[in-house]
Amino acid sequence: MICIKTIHIEEFRGIRTLDLDLGGENYGICGPNGTGKSGVVDAIEFCLTGNVTRLSGQGQGELSVRDHAPHVDQRENPGKAKVTITATVPSLGKEITITRSVKNPRATTITPADPAIQAIVDELQPHPEFALSRREIAKYVVTPPAQRSTDVQNLLRLDHIGNLRKAFVSYTNKCKRDAEEAERTRSRAEADLKSALGLPALDREKVLEKANAQRSVLGLPSLTELTPKISFKERAAEEGKDAKKSGIAKDVTLAELTTLSAAIQAGEPADLKENRESALASLKKLKDDEKALSLARAHGFITTGLDLVVEDACPLCDKPWEADELRAHLKAKLLSAEEMGTVLENLAKANGALIGGIGDRAAGIRKAAGYAQMLFPAIPRAELDAYAEALDDAKAALTAFQDDHSQIEGAIAALEVEWWGVPADAQTRLDETRIGVAALPDSSAKDKAIDFLAILQDRYERLLATTKTGRAMAARNATAQKVHDHYNTVSNKVLEDIYDAVAKEFTEFYKAINDDEGKFIGELKAEPAKLSFNVDFYGRGTFPPGAYHSEGHQDGMGVCLYLALMKHTLGDKFTFAVLDDVLMSVDTGHRREVCRLLKTKFPDVQFILTTHDRVWLQYMKTEGLIQNGQFFGGWNIETGPRIWDDTDIWTEIQEALDKDDVPRAAALLRRYLEYISAVLADNLRAQVEYRGDSNYDLGDLLPSTISRWKDRLEKGIKSAGRWGHDEVKAALEAKLAEANTLIQKTNAERWAINKSVHFNEWENFTNAEFKEVADAFKALLDHIRCTNSKCGGYPYLTPRKGASEQLRCSCGTININLKTK
């Protein structure tokens with residue numbers, strides 16, 4: 001990936017023109033809501049991907065990048081809306097410039113024109129996951145397992161796994177349907193052959209016996225073996241060539257028509273009737289019971305609905321809703337929908353039998369229509385064809401319900417039709433056909449033999465062909481199912497290994513920012529098309545994050561999971577991430593730990609962080625997470641964000657003194673010291689007099705804090721002496737002496753007894769007097785701060801609760817043992 005050096009934005013979103021110099025380092029952007037912070041995030045995403053998630057994601061309705069990415073005053077001139085980023089590519093050791101315009105968002109101008117650089121930019125384009133906003137956290141933490149699986153696989157660059165799984169499912173279902181239809185066709189061919197032979201079951205000896213009986217009439221030799229290439233009618237035409245044939249094998253045809261008529265007269269078979277009544281009752285119940293019907297339809301839909309409930313508004317009409325309540329409601333329905341799966345499975349079995357029965361009846365009617373047309377004079381077949389088409393429609397309606405449960409109306413209509421009872425006009429044509437065939441003159445024995453053998457040959461070959469096709473379809477179905485099952489097994493194993501590694505790192509990261517959950521574990525469990533995410537809750541078991549953890553903890557989990565996923569996905573290529581206001585719900589007591597996590601676990605990643613809390617920005621600076629930042633102090637439609645440079649506090653104080661503005665310099669120093677004293681009091685666990693309103697001023701915080709600092713140094717000296725670490729003891733003694741000297745220069749310990757040096761009097765000091773005070777405090781804070789330029793953080797005690805064992809900074813340069821023998 002890349003590290004951003006500078007960003008230039010023109011007429012984009014709420015920004016007219018803006019330049020930011022990040023220097024390839026971590027960078028903070030702070031400002032109240034509505035001042036343009038997210039516009040910078042959108043600009044980065046647009047420049048690198050050509051898209052803006054905020055304008056194209058779920059629930060965005062008619063929004064689009066081309067129409068709504070330009071500043072509102074330039075919406076007719078998208079060419080003026082453009083973003084330019086200069087960056088370094090660590091893996092290539094090169095600097096690049098990327099420019100993209102809203103007029104043609106798919107086109108980028110990249111210099112230098114290097115295929116390797118182009119490949120890196122192209123890799124970023126379909127994966128905007130480098131930017132994480134607070135609303136994006138939900139898709140990793142509280143979304144349904146199916147959608148989480150999709151989102152996480154997208155981030156892991158494993159989206160092809162889900163796509164391939166869907167393709168396998170679709171193909172496997174098709175193979176199953178084809179195999180079932182092929183078996184029904186084979187079964188009808190077998191029934192036709194048995195009808196022609198007049199046999200209740202097919203038996204090799206009986207088939208040969210029937211064939212040889214007719215061959216003997218023609219004086220043909222007997223067949224001794226039933227093979228796939230057998231010719232029952234071989235030489236039969238020659239032997240009976242003088243015989244006059246009617247074109248219809250009267251005996252076979254009449255037998256089939258009689259059998260069909262008898263079946264009609266006998267009424268609906270018991271097994272089909274049972275299946276039809278059972279299926280019809282279930283379908284009607286689903287239709288009449290709105291909830292049951294919705295569950296049936298939802299069997300393949302509720303999960304999709306859950307996937308879309310990621311915002312507090314409908315993704316179709318943007319109407320507001322309570323996402324949590326709706327999600328809970330849908331989850332309850334999903335459980336019922338899973339129970340409904342059993343009902344639908346039973347329906348599928350009944351419908352399969354009915355589809356076969358209807359198909360058999362349609363085939364019988366079409367055969368009768370063919371016979372009617374062969375008679376002379378021909379009997380009209382339109383009524384029979386109409387009945388056959390009605391049967392086809394019923395079969396299609398049941399098949400459609402199998403594929404889409406919303407097609408319930410058609411399925412009910414198909415089963416309510418008296419399809420086993422033939423319509424009167426069709427029955428009339430059927431009777432006329434049977435009578436017409438019966439009236440045909442009897443053929444000679446030779447003609448009957450010839451007709452019999454011809455029909456036998458045709459139906460035997462058809463059974464062989466349909467059996468071959470049926471076996472091929474069954475084998476294909478079995479293979480498809482095995483491939484699908486094997487793919488699920490293998491892909492799940494691969495995903496499980498990946499998710500186990502990610503879960504391990506996620507757990508480590510989360511424990512780093514929540515040291516009160518020492519036994520915390522996170523679990524990612526892969527199932528076909530699903531990814532479950534459960535976390536420990538104080539040893540009471542593992543549950544979904546939203547079950548018991550607070551919103552702040554959920555936000556922390558989202559960030560930790562995101563970081564673990566990005567680290568696993570990109571490894572050393574993870575060099576850049578944008579965190580857009582993602583930590584505002586994190587408890588203030590854990591913010592410092594978040595800074596340390598980002599700083600220590602991801603030292604080579606450039607983080608761009610936005611926040612509307614200036615104290616949070618100061619936390620980032622204090623912990624050395626960022627060195628520079630930008631404060632957005634306001635916004636108006638004409639000029640865009642109003643920028644305040646977030647320069648070093650000591651520079652601001654000096655600038656005020658240069659203008660001889662001591663009161664402003666005094667106010668700056670006091671506010672900063674109150675802030676930093678709060679940080680140090682927390683780090684050192686200073687004993688500060690409790691106030692119910694939490695309204696602590698500098699006098700409440702600083703004296704206790706510097707006293708605690710000296711006390712911890714003294715404890716470190718004592719510990720070093722007990723363990724015989726003489727060099728460490730000497731260094732700490734020098735450090736304590738330095739602390740006493742610097743503290744004395746600040747007069748902080750004299751505030752209570754000498755009002756003339758109290759901080760309330762600073763604004764009345766001369767310029768020189770106040771500069772001396774400011775320099776003293778700067779020296780004191782530098783004395784406490786880590787000297788490593790890559791760290792620069794203030795030391796803190798570990799553990800946070802109980803007896804202190806160590807005073808250290810994030811990088812370990814400060815590492816004072818407090819344990820004694």
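Which strands does helix H1 (residues 37–49) lie across? The views below start there and then move along the chain. This is a predicted model, in which local features need pLDDT of at least 70, side-chain atom pairs count only at pLDDT 80 or more, and totals for chains, interfaces and linings use all residues. Residues are numbered from 1 along each chain as its sequence is written, and side-chain values use heavy atoms, with hydrogens and water left out.

**View 1. Helix H1 on a sheet of 5 strands.** Helix H1 lies across strand E1 (3–12), E2, E4, E5 and E6, and runs at about 105° to E1. Helices (H or I, at least four residues) and strands (E, at least two) are DSSP runs, numbered from the N terminus. Contact means heavy atoms within 4.5 Å. Axes are lines fitted to C-alpha atoms, for helices over the stretch in contact, and angles run from 0 to 180 degrees between N-to-C directions. The sheet is open, with the order E2-E1-E4-E5-E6 and antiparallel pairing. Strand E2 (15–21) and E6 stand at the edges with a single partner strand each, so one side of each has no neighbour in the sheet. From one strand to the next, the twist averages 10°.

**View 2. Strands E4, E5 and E6 up close.** Two strands pair if DSSP finds at least two bridges between them. Strand E4 (residues 82–89) and E5 run antiparallel and are joined by 8 bridges; look for Ala87, whose bridge partner in E5 is Ile96. On to the next pair: 4 bridges join strand E5 (residues 94–101) to strand E6 (residues 108–111), again antiparallel. Here Arg100 stands opposite Thr108 in E6. E5 and E6 form a hairpin, with 6 residues between them.

**View 3. Strand E3 beside strand E12.** E3 and strand E12 (residues 606–611) run parallel, joined by 4 bridges. Gly28 has Leu609 as its bridge partner in E12. From strand E3 (residues 27–30), Tyr27 and Ile29 point one way, while Gly28 and Cys30 point the other way. In a regular strand, the side chains alternate between the two faces of the sheet. All four of these E3 residues are buried, meaning under 20% relative accessible area, with exposed set at over 50% and partly exposed in between (1.4 Å probe, protein chains only).

**View 4. A nonpolar patch on the surface.** Val72, Trp635 and Ile637 make up this patch, with about 250 Å² of accessible area together. Accessible areas come from the Shrake-Rupley method with a 1.4 Å probe. Patch residues have over 30% relative accessible area and no salt bridge, and nonpolar side chains are joined within 5 Å. A salt bridge is a side-chain nitrogen of Lys or Arg within 4 Å of a carboxyl oxygen of Asp or Glu. Ile637 sits in the loop between strand E13 (628–636) and strand E14 (640–645), and is partly exposed at 38% relative accessible area.

**View 5. Helix H25 and a sheet of 3 strands.** This open sheet has the order E15-E16-E17, with antiparallel pairing. Strand E15 (796–798) and strand E17 (815–817) are at the edges, each with a single partner strand, so one side of each lacks a neighbour in the sheet. Neighbouring strands are turned by 25° against each other on average, direction ignored. Between strand E16 (residues 806–808) and E17 there are 3 bridges, and Leu807 has Ile816 as its partner in E17. Helix H25 (residues 698–723) lies across E15, E16 and E17, at about 65° to E17.

Conventions: Patch = residues over 30% accessible without salt bridge, like charges linked within 9 Å, V, L, I, M, F, W, Y side chains within 5 Å.
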